[in-house]
Amino acid sequence: MRIDKYLKVSRIIKRRTLAQQACEAGRVFVNGKVAKPSTDVKVGDVIEVHFGDRVFKCKVTSVDEKVQKNLASSMYEMME
């Protein structure tokens with residue numbers, strides 16, 4: 001699954017266009033490398049998103065196309 005879609009489905013970022021913009025601005029990293037919106041995400045990958053001075057870091061536990069809102073947080077495991 002593309003990183004921009006994963007960020008939206010897992011509700012880390014609310015809209016896919018915002019996820020694409022964050023990737024293009026160099027604020028999203030997958031396994032320590034800057035991610036383009038089309039970067040593939042797999043189970044076990046570490047995602048890091050920079051929101052201003054805050055850093056959101058998580059490990060991917062599942063990659064599902066559709067997830068209910070209350071189960072979205074089960075797609076990743078928080079780190080640090």
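**Salt bridges in close-up**

Arg-2, Asp-4 and Arg-16 are joined in a network of salt bridges. The views below are drawn from a predicted model, and the structure holds 3 salt bridges.

**View 1. The salt bridge between Arg-2 and Asp-4.** The side chains of Arg-2 and Asp-4 meet in a salt bridge with an N to O distance of 3.1 Å. Arg-2 counts as partly exposed, since its relative accessibility is 32%, whereas Asp-4, at 0% relative accessibility, counts as buried.

**View 2. The salt bridge between Asp-4 and Arg-16.** Asp-4 also forms a salt bridge with Arg-16, and here the closest N and O atoms are 3.4 Å apart. Because Asp-4 lies in helix 1 (residues 3-9) and Arg-16 in helix 2 (residues 16-24), this pair ties together parts that are 12 residues apart in sequence. Arg-16 has a relative accessible area of 31% and is therefore partly exposed.

**View 3. The salt bridge between Lys-5 and Glu-65.** Lys-5 pairs with Glu-65 in a salt bridge whose closest N and O atoms are 2.6 Å apart. Lys-5 belongs to helix 1, while Glu-65 sits in the loop between strand 4 (54-60) and strand 5 (76-78), so the pair ties together parts that are 60 residues apart in sequence.

Definitions and conventions:
Residues numbered from 1 in each chain as written. Predicted model: local features only at pLDDT ≥ 70, side-chain atom pairs only at ≥ 80, totals over all residues. Heavy atoms only, no water. Salt bridge = Lys/Arg side-chain N within 4 Å of Asp/Glu carboxyl O. Buried < 20%, exposed > 50% of the residue type's maximum accessible area, 1.4 Å probe, protein only. Helix = DSSP H or I, 4+ residues; strand = E, 2+ residues; numbered from the N terminus.
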